[in-house]
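Subject: Structure handover

Dear colleague,

Here is the structure you are taking over. My notes on it follow below.

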Amino acid sequence: MSTYQALWVTETPQFAQKVIERSLDDLPENEVLIRVHYSSLNYKDALSATGNRGVTRQFPHTPGIDAAGVVEQSNVAEFVAGDEVIVTGYDLGMNTYGGLAQYIRVPASWLIKRPSGLSLRESMILGTAGLTAALCVDKLLCAGVVPEDGPVLVTGATGGVGSVAVVLLTKLGFQVTAATGKAEQEGFLRQLGASDVISRAALLEGMDKALLKPKWAGVVDTVGGDLLFNTLKALQPGASAACCGLTAGVDFKGSVLPFILRGVNLLGVDSVELPLVNKASMWDKLSLQWKLDLEALVHEISLTEVPEAIIAMLASQQVGRTLVRID
Ligand SMILES: NC(=O)c1ccc[n+]([C@@H]2O[C@H](COP(=O)([O-])OP(=O)(O)OC[C@H]3O[C@@H](n4cnc5c(N)ncnc54)[C@H](OP(=O)(O)O)[C@@H]3O)[C@@H](O)[C@H]2O)c1
């Protein structure tokens, strides 16, 4: 096979996405050629597919920061044809043609062999979102957050990172409060394990106050902006918030008071450029002691359905994880 199907984003000057046939010769000259079986949709893919230059500088382009598939050709000894592999993050789907296609060609240094406890499909139900949720929870645990401390808040709870975080925290015995802008998804969030569901608007109350009543033992924040700062003001003394997202904005107006009067911690999470050894260890954990049943939050689509799913994601309509089957 010398051609393959790929999502192709063009700028004419509006950005448009459609599935077209491409030649394998168009792929970059990296070490390992992979036949992709599954990809998934992440917020960053929606940004790339609609021309965000902070994610993708040059168009036309194929987005897709996640891919799971089978090695077809390799120039390195560590990988041979037939190996099942996962790649998330690094430059995949940003300025290297990404996983929303039947083939990718990537450096071997981006690849993880599929852990035996996860199928390729399960690995992409998790994808970057699941890996990020796990890294956020891991940071909270390392900072000493334990279930006995009280409720842990998850913001953007219906989204990919948020929904996996709700399931994982519940599995680990935490009492989870899910914050969402979608009141109609309360049933979904409770089904995932949330014991409380609150509105995004409720979290923005008291913006004018220096501190709020201490409430949260920990926070997984996927949205950023003022909402993040208001949750820091409501952390219990010594508690921690893991910050990974920006859907509510990249800036927040803050003060040092929560840090110096309550000793709270703000913990940054980056799942993209994380060293491969750390990614591999988190994937192992997700395949064993942190193995999750995520069937309740997955929605499976084909490559041709991706453009419509991207529009919904950018309109804040994402609920759970979108798995992309690459036939
Ligand atoms: N640091 C990292 O390594 C890393 C890795 C992966 C993702 N991320 C970031 O994490 C965030 C979530 O990613 P994702 O893939 O889970 O996205 P997603 O599936 O689209 O979910 C985002 C969720 O954020 C909430 N939201 C949307 N617009 C909002 C707004 N204006 N104000 C407040 N909340 C809003 C919505 O949840 P509700 O309606 O339930 O509130 C939405 O479902 C993104 O910013 C992404 O870039 C970072």
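How far apart do the C-alpha centres of domain 1 and domain 2 lie? They lie 29 Å apart. This is a predicted model, in which local features need pLDDT of at least 70 and side-chain atom pairs count only at pLDDT 80 or more, while totals for chains, interfaces and linings use all residues. Residues are numbered from 1 along each chain as its sequence is written.

Domains and overall form

The protein chain is divided into domain 1 (3-114 + 294-325) and domain 2 (128-268); the bounds come from an automatic or database domain assignment. The contact between the two takes 14 residues from domain 1 and 15 residues from domain 2, where two residues are in contact if their C-beta atoms, placed from the backbone, lie within 7 Å. On the side of domain 1 that touches domain 2 there are 6 nonpolar, 6 polar and 2 charged residues. For these classes, Ala, Val, Leu, Ile, Met, Phe, Trp, Tyr, Cys and Pro count as nonpolar, Asp, Glu, Lys and Arg as charged, and the others, Gly among them, as polar.

The protein chain has 9 helices and 15 strands. Helices (H or I, at least four residues) and strands (E, at least two) are DSSP runs, numbered from the N terminus. The C-alpha trace spans about 60 × 45 × 35 Å along its principal axes. Buried residues make up 46% of the 327 residues; buried means 20 or more other C-beta atoms within 10 Å of a residue's own, exposed means 12 or fewer, and partly exposed is in between, with C-beta atoms placed from the backbone.

Ligand

Of the 32 residues around the ligand, Gly156, Gly159, Gly160, Thr180 and Gly245 come nearest. A residue counts as near if its C-beta atom, placed from the backbone, lies within 6 Å. Helix H1 (43-49), helix H2 (120-142) and helix H3 (160-171) are the elements that give two or more residues to this shell. By class, the shell has 12 nonpolar, 16 polar and 4 charged residues. Both domain 1 and domain 2 give residues to the shell, so the ligand lies between them.

Core

The largest nonpolar core has 96 residues, of which Ala133, Cys136, Val152, Val154, Ala165 and Val166 touch the most other members. H2 gives the most to this core, with 11 residues. Domain 1 and domain 2 both contribute, so the core lies between them. Such a core is a set of buried Ala, Val, Leu, Ile, Met, Phe, Trp, Tyr and Cys residues joined through C-beta atoms within 7 Å. Leaving aside neighbours within four places in sequence, Cys136 is in contact with Ala165, Val220, Ala242, Cys244 and Val269.

Loops

Thr56 sits in the loop between H1 and strand E4 (66-74). Thr56 is buried, with 23 other C-beta atoms within 10 Å. Not counting residues up to four places away in sequence, Thr56 touches Ser48, His61, Pro63, Met94 and Asn95. Pro60 lies in the loop between H1 and E4, and the peptide bond from Phe59 to Pro60 is cis, with omega near 5 degrees. The bond from Thr12 to Pro13 is also cis, with omega near -5 degrees.

Tyr90, in the loop between strand E5 (84-88) and strand E6 (103-106), has a positive phi near 50 degrees. Tyr90 is partly exposed, with 19 other C-beta atoms within 10 Å.

Regards
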